[in-house]
Amino acid sequence: MSRPPFLTLPACARARRLPTARGDFAVHEALPPAGTAPRGTALLIPGYTGSKEDFIALLEPLALAGFRVVAVDGRGQHESGGPREESAYAQAELARDLLAQAAAVRAETPGAAPAGPLHLLGHSLGGLIGRAAVLLDPAPFTSLTLMSSGPAAIAPAQRARTRQLVDALRVMDMESVWQAMRESDARAAGGVGNGAAGTPEVADIADAPEVPDATAAFLHRRWTATVPEQLIATGRQLIAEPDRVAELAAVPLPKHVLSGTVDYAWPVALMEEMAVRLGARRTVIEGAEHSPNAERPQETARALARFWAAAGGGAGGGAGG
């Protein structure tokens with residue numbers, strides 16, 4: 001799970017609802033300051049157990065670079081809500097949600113600015129959903145960035161941990177699972193057990209002493225607000241995702257694979273190989289692990305802005321009109 005480095009929105013951003021043909025979604029939106037030439041829009045999709053807040057540190061630097069930024073809580077995540085049915089969170093359903101979000105974002109013209117290029121970024125699980133959306137319909141998008149997201153299922157050790165979490169969510173409520181994760185993380189920190197209640201993005205977050213009280217409270221609140229069926233369905237996707245790199249490589253869209261130097265969900269070597277297979281730009285953020293967006297936001301924002309500019313970041317234009 002990404003830990004936002006802070007929780008207060010910058011002055012350029014606001015929290016709001018994004019109405020779409022498939023329902024309303026909670027978003028954080030940042031706009032370039034007055035006098036900054038608009039260079040397009042970025043749609044940011046969070047990972048497993050995550051939310052729009054995972055991108056909070058990217059909002060201001062990307063807005064200052066000229067990009068409108070829309071970070072989304074997907075169906076069943078944090079403040080978006082969703083049904084208590086696993087079928088509602090099938091990957092194809094989430095991909096269609098993303099396409100509806102893209103259509104809604106493109107239809108809006110904040111400050112009478114042209115919609116311009118639309119750049120899609122998916123973090124971890126969000127990368128798998130973004131890939132599925134692009135394979136359904138690439139037309140709305142100018143580029144695709146896969147951040148800390150691999151070619152297929154997560155690493156074997158993480159599959160085992162995620163399977164344990166999915167099994168626990170079937171028989172325990174969210175608060176009970178949270179407390180079990182805290183106990184597991186505490187045992188792991190003390191050299192007892194292996195933290196098996198954790199997941200690729202949940203491990204070591206429930207009771208870490210370096211997390212400020214406000215952040216810890218937010219992480220707990222976000223966890224309990226997430227729909228458990230969403231975590232069950234998407235956890236199963238992380239465990240069983242097939243390799244669709246060849247399909248994605250055939251889509252004529254600029255692609256970018258960005259990661260830290262270390263990653264526990266997908267080995268960095270796998271992401272290196274995926275970038276080659278995709279013919280994608282490859283960026284490694286020094287000093288970052290699974291969440292460059294939260295761990296090294298300034299460096300990550302610079303890398304994203306450079307890629308988007310090269311992919312079609314000038315004012316106006318863009319795929320799909």
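Is F67 buried or exposed? Select F67: its relative accessible area is 0%, so this residue is buried (buried means under 20% relative accessible area, exposed over 50%, partly exposed in between, with a 1.4 Å probe and protein chains only).

Before going on, note that this is a predicted model, where local features need pLDDT of at least 70, side-chain atom pairs count only at pLDDT 80 or more, and totals for chains, interfaces and linings use all residues. Residues are numbered from 1 along each chain as its sequence is written, and side-chain values use heavy atoms, leaving out hydrogens and water.

F67 and W308 make an edge-to-face one, 5.2 Å centre to centre with 65° between the planes. F67 sits in strand 4 (residues 67-72) and W308 in helix 11 (residues 297-312), 241 residues apart (helices, H or I of at least four residues, and strands, E of at least two, are DSSP runs numbered from the N terminus).

Next, select W178 and W223, a tilted pair with 6.2 Å between centres and 40° between planes. W178 belongs to helix 5 (residues 174-189) and W223 to helix 6 (residues 213-225), so the pair ties together parts 45 residues apart in sequence.

Finally, colour the strands: eight of them form an open sheet of mixed pairing, in the order 1-2-4-3-5-6-7-8 (two strands pair if DSSP finds at least two bridges between them).

Technical notes:
Phe/Tyr/Trp six-rings, centres within 6.5 Å; stacked < 30°, edge-to-face > 60°.
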